[in-house]
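User: Got a structure to go through with you. Can we take it piece by piece?
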Amino acid sequence: MEPSLFDKAHHATIQRFGRTIQMYAPLYLSNECIDTCRYCGFSRPNKILRQTLTIDAVLNEAQFLINQGFRHLLLVSGEHPKKVSLDYLTEITKILRPKLALLSIEVAPFEEDAYRKLTECGVDGVVLYQETYNREIYKKVHLGGPKKDYDKRLEFVEAACRAKMRFVGLGILLGLAPWREEMPELIAHAKRLMKKYWQTQFTISLPRLKPCASDFAVPHPVTDEAFAEIIAQLRLALPEVGIILSTREKPALRDRLLKIGVTQMSAGSKTEPGGYLHPEEAGKQFELSDHRTPAEVAAAITKAGYEPVWKDWI
Ligand code: SF4
């Protein structure tokens with residue numbers, strides 16, 4: 001009998017990545033943002049409590065995550081280049097990087113020179129989602145701020161590659177556009193980049209739209225079954241690319257998807273700045289669905305026959 005799509009994806013993942021899942025945690029630095037993105041809780045017009053963490057507060061949050069076992073942190077913020085500046089990021093990186101195995105950033109995009117400085121001071125990866133490859137929809141949901149410029153956003157990804165970031169994360173926000181139209185575009189973009197920047201390792205995230213302070217109705221909802229199919233197709237199209245899954249998804253679905261093609265998972269996440277030590281004191285980006293502790297997620301990964309990897313000294 002011909003193996004199913006899910007079986008093929010599972011085998012392709014095991015062949016390339018083994019039975020391992022990299023563990024990481026997002027650390028929100030700031031929810032201040034100069035962009036107006038209709039689907040996001042941090043969007044500029046939203047009336048939420050805004051906060052940018054001091055460097056000491058960032059280090060305290062990081063220490064909390066380190067104490068839980070994490071050695072791969074993703075620093076996340078709204079896009080506010082003055083509040084989350086190059087100097088702010090380099091200062092945090094210099095202190096934090098020696099305590100970690102991997103440090104990535106998901107903040108406002110920078111030009112190549114700035115990315116180069118970040119690489120030199122220890123940042124390993126940049127995550128920069130295009131959100132959608134449909135230009136019409138992109139225009140309709142990005143109403144204000146520098147992110148409105150579709151082509152410039154694509155160019156920033158290449159700036160990070162030219163600056164020799166070791167890891168570059170691509171992604172679309174599932175639910176913005178019909179996924180059967182988005183996936184070929186995403187895959188083609190990843191293939192172009194992989195050919196041009198063969199030294200860079202690419203990862204892909206596929207966050208599904210969740211309720212947030214914007215009260216934005218999801219235009220093209222993606223079911224759980226479709227989501228599983230998307231992960232499988234992506235794995236088969238790009239066998240060497242890491243696929244990242246966040247705590248936006250429910251535990252049962254996360255446990256299923258890790259057997260199909262996921263290679264990195266967050267756990268115990270908070271999506272508001274300061275949320276690990278002072279929950280709910282600032283506005284969050286979106287609601288989460290997996291509220292298990294990192295230890296509980298790791299136990300579920302082990303139960304599924306995989307090894308949770310906290311420290312990948314790549
Ligand atoms: S998606 Fe990013 S740029 Fe847009 S409002 Fe949210 S944090 Fe700001």
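User: Which residues of α3 and α4 meet?
Analyst: This is a predicted model. In it, L86, L89, T90, T93 and K94 of α3 meet A114, K117, L118 and C121 of α4.

User: How does that contact split by class?
Analyst: The contact of α3 with α4 has five nonpolar, two polar and two charged residues.

User: At what angle do α3 and α4 pack?
Analyst: About 15°, with the axes 9 Å apart. Helix α3 covers residues 86-96, and helix α4 covers residues 112-121.

User: Roughly parallel or oblique, then?
Analyst: Roughly parallel, because angles under 35 degrees count that way.

User: Left-handed or right-handed crossing for α3 and α4?
Analyst: Right-handed.

User: What about α2 and α3, what's the angle there?
Analyst: Helix α2, residues 55-67, packs on α3 at about 40°. Their axes are 11 Å apart. The two helices are therefore oblique to each other.

User: And which residues make that contact?
Analyst: From α2, I55, V58, L59 and A62. From α3, E91, I92, I95 and L96. By class, that contact of α2 with α3 has seven nonpolar residues, no polar ones and one charged.

User: Handedness of α2 and α3, left or right?
Analyst: The crossing of α2 and α3 is right-handed.

User: Switching to the ends of the numbering. How do α1 and α8 pack?
Analyst: At an angle of about 50°, with axes 9 Å apart. Helix α1 is residues 5-17 and helix α8 is residues 224-237. That angle makes α1 oblique to α8.

User: Is the crossing of α1 and α8 left-handed or right-handed?
Analyst: Left-handed.

User: OK, strands. In what sense do β5 and β7 pair?
Analyst: Parallel, over three bridges. Strand β5 is residues 125-127 and strand β7 is residues 167-171.

User: Give me a pair to find it by. What is the bridge partner of V127?
Analyst: G169, in β7.

User: How many bridges join β7 and β8?
Analyst: Five, and the pairing is parallel. Strand β8 is residues 201-205.

User: Which residue of β8 does F167 stand opposite?
Analyst: Q201.

User: Last topic, the ligand. Which residues surround it?
Analyst: C33, D35, C37, C40, F42, S43, G78, E79 and K147.

User: How many of those are charged?
Analyst: Three. The shell around the ligand also has four nonpolar and two polar residues.

User: Which are the charged ones?
Analyst: D35, E79 and K147, because Asp, Glu and Lys count as charged.

User: And the nonpolar ones?
Analyst: C33, C37, C40 and F42, because Cys and Phe count as nonpolar.

How values were computed. Residues numbered from 1 in each chain as written. Predicted model: local features only at pLDDT ≥ 70, side-chain atom pairs only at ≥ 80, totals over all residues. Near = placed C-beta within 6 Å. Axes fitted to C-alpha atoms, helices over the stretch in contact; angles between N-to-C directions. Helix = DSSP H or I, 4+ residues; strand = E, 2+ residues; numbered from the N terminus. Parallel < 35°, antiparallel > 145°, perpendicular 65-115°, else oblique. Left-handed = near helix turned anticlockwise from the far one by under 90°. Pairing = 2+ DSSP bridges. Contact = placed C-beta atoms within 7 Å.
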